[in-house]
Amino acid sequence: MSNSYGGRLSREDYKKQKELEAARMAGTAPPEVDEEGNEINPHIPQFMSQAPCEQTANKAEEELSYDAKRDEWSGYDAREHRKLLEEWELIEEARKKRKAEALDQKKAEAQKQKTEATRIEDQLGSSDEGESDDDSVQKSRNLRIREDTAKYLRNLDPDSAYYDPKTRSMRENPYNKPASQLAYAGDNFIRYSGEAQQVLQRQVFAWEASERGNSAAHVQANPTQTALLYNEFKRRKSEAKSGRQQKLLAEYGGEEHLQAPPPELLQQSEQYVEYSRTGQLVSGNAAAQPKRYREDIYPLNHSSVFGSWWDDGKWGYQCCKQTMRNSYCTKLKK
């Protein structure tokens with residue numbers, strides 16, 4: 001038991017204090033007065049009335065600091081954002097100014113080139129002064145000799161080759177005849193005839209060489225060097241292919257199958273010879289009659305035919321004594 005000042009009270013003093021508090025709450029005794037002379041409400045709990053003012057203020061400050069720590073706009077100053085906007089505006093203005101200077105420089109260079117081209121044309125002379133280069137190229141591409149037959153008049157059949165009036169081109173053959181018998185067999189025939197295919201192959205070779213890091217191959221800039229490099233490439237490719245083929249033949253054999261048959265077997269004659277199903281000569285004359293079955297053929301490394309050996313009711317090969325027809329002979333040949 002203690003009083004409001006922290007001292008210990010006796011039992012009788014504590015009893016008297018409780019009776020006084022009850023009387024003050026009932027209104028029969030005057031209320032207690034603080035240091036400044038203000039009356040204290042007797043109904044306020046003791047833990048609140050006895051709490052010092054400094055403790056309450058510190059608690060409020062702690063609560064405010066707790067909220068301030070979690071305030072995302074704490075310490076924000078709008079002037080800093082305005083300063084950032086001004087910096088970005090200066091950067092944007094500098095970028096626009098630099099871009100405008102680059103465009104002006106390009107325009108000046110284009111005007112200079114145009115002036116130089118005009119000066120050269122004036123020196124060389126130009127028949128079409130009012131036309132631009134693009135217009136002249138387009139007109140020269142679409143021009144045709146008046147004496148030549150128009151492409152759309154070569155075959156009036158609606159199911160014939162398609163004619164494109166915009167580009168004045170007819171890609172397919174308008175006639176039902178071989179291209180070798182015609183003076184005109186379509187635009188595609190001109191593209192794929194003569195040395196057009198060779199030029200296209202060299203162009204593809206130059207592209208592939210450029211992708212691999214060889215900048216020396218260029219059809220337009222270095223046509224002679226590109227042709228020499230392409231011929232060297234074809235020679236090396238042929239040698240590599242021949243080397244692989246010889247290596248396979250040396251390892252697995254079969255070179256006899258690559259030899260062409262004798263020319264007398266491929267020749268044609270007017271002599272009529274007829275044979276039966278069994279291979280017998282029916283009519284006509286033949287120097288040598290063909291046989292029904294092939295002879296002297298020993299497959300799978302055998303030196304004898306199948307059926308040349310008999311053992312325990314089974315046929316086999318005499319050379320290796322095997323009874324399976326598709327077995328490989330393991331006997332070494334002398």
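1. Helices (H or I, at least four residues) and strands (E, at least two) are taken here as DSSP runs, numbered from the N terminus. The expected span of a helix is 1.5 Å times one less than its number of residues. Helix α1 covers residues 11-26, and its 16 residues should therefore span 22 Å at 1.5 Å a residue; the end C-alpha atoms are 23 Å apart, which agrees. Gly-27, which follows α1, has a positive phi, near 90°.

2. The model is predicted: local features need pLDDT of at least 70, side-chain atom pairs count only at pLDDT 80 or more, and totals for chains, interfaces and linings use all residues. Residues are numbered from 1 along each chain as its sequence is written, and side-chain values use heavy atoms, with hydrogens and water left out.

3. A nonpolar core is a set of buried Ala, Val, Leu, Ile, Met, Phe, Trp, Tyr and Cys residues joined through side-chain atoms within 4.5 Å. Buried means under 20% relative accessible area, exposed over 50%, and partly exposed in between (1.4 Å probe, protein chains only). The largest such core has six residues, namely Phe-205, Ala-206, Ala-209, Ala-217, Val-219 and Tyr-230. Helix α7 (residues 196-211) supplies the largest share of this core, three residues.

4. Contact means heavy atoms within 4.5 Å. Not counting residues up to four places away in sequence, Ala-217 touches Phe-205, Ala-206, Ala-209, Thr-226 and Leu-229.

5. Helix α8 (residues 223-252) has 30 residues, which at 1.5 Å a residue should span 44 Å; its end C-alpha atoms are 43 Å apart, in agreement. Thr-226, Ala-227, Tyr-230 and Leu-249 are buried in α8, and the buried residues of this helix pack against α7. After α8 comes Gly-253, with a positive phi near 80°.

6. A salt bridge is a side-chain nitrogen of Lys or Arg within 4 Å of a carboxyl oxygen of Asp or Glu. Side chains of opposite charge can pair when their charged atoms come close. The whole structure holds nine salt bridges.

7. Glu-232 counts as partly exposed because its relative accessibility is 28%, and Arg-235 is partly exposed at 38%. Salt bridges that share partners join Glu-232, Arg-235, Arg-236 and Glu-239 into one network.

8. Helix α4 (residues 78-124) contains both Glu-92 and Arg-95, three residues apart, about one turn of the helix. A salt bridge links Glu-92 and Arg-95, the closest N and O atoms being 2.6 Å apart. Glu-92 is partly exposed at 33% relative accessibility, and Arg-95 is partly exposed at 38%.

9. Glu-116 and Arg-119 also lie in α4, three residues apart, about one turn of the helix. Their side chains meet in a salt bridge (2.2 Å, N to O). Glu-116 is partly exposed at 36% relative accessibility, and Arg-119 is partly exposed at 39%.

10. Ser-169 lies in the loop between α5 (133-142) and α6 (187-191). With a relative accessibility of 9%, Ser-169 counts as buried. Leaving aside neighbours within four places in sequence, Ser-169 is in contact with Lys-151, Tyr-162, Tyr-163, Asp-164 and Asp-187. A polar contact is a pair of N or O atoms within 3.5 Å; within protein, one must be able to donate a hydrogen and the other to accept it, and residues adjacent in sequence count only if both atoms are side-chain atoms. One of 2.8 Å joins the side chains of Ser-169 and Thr-167.
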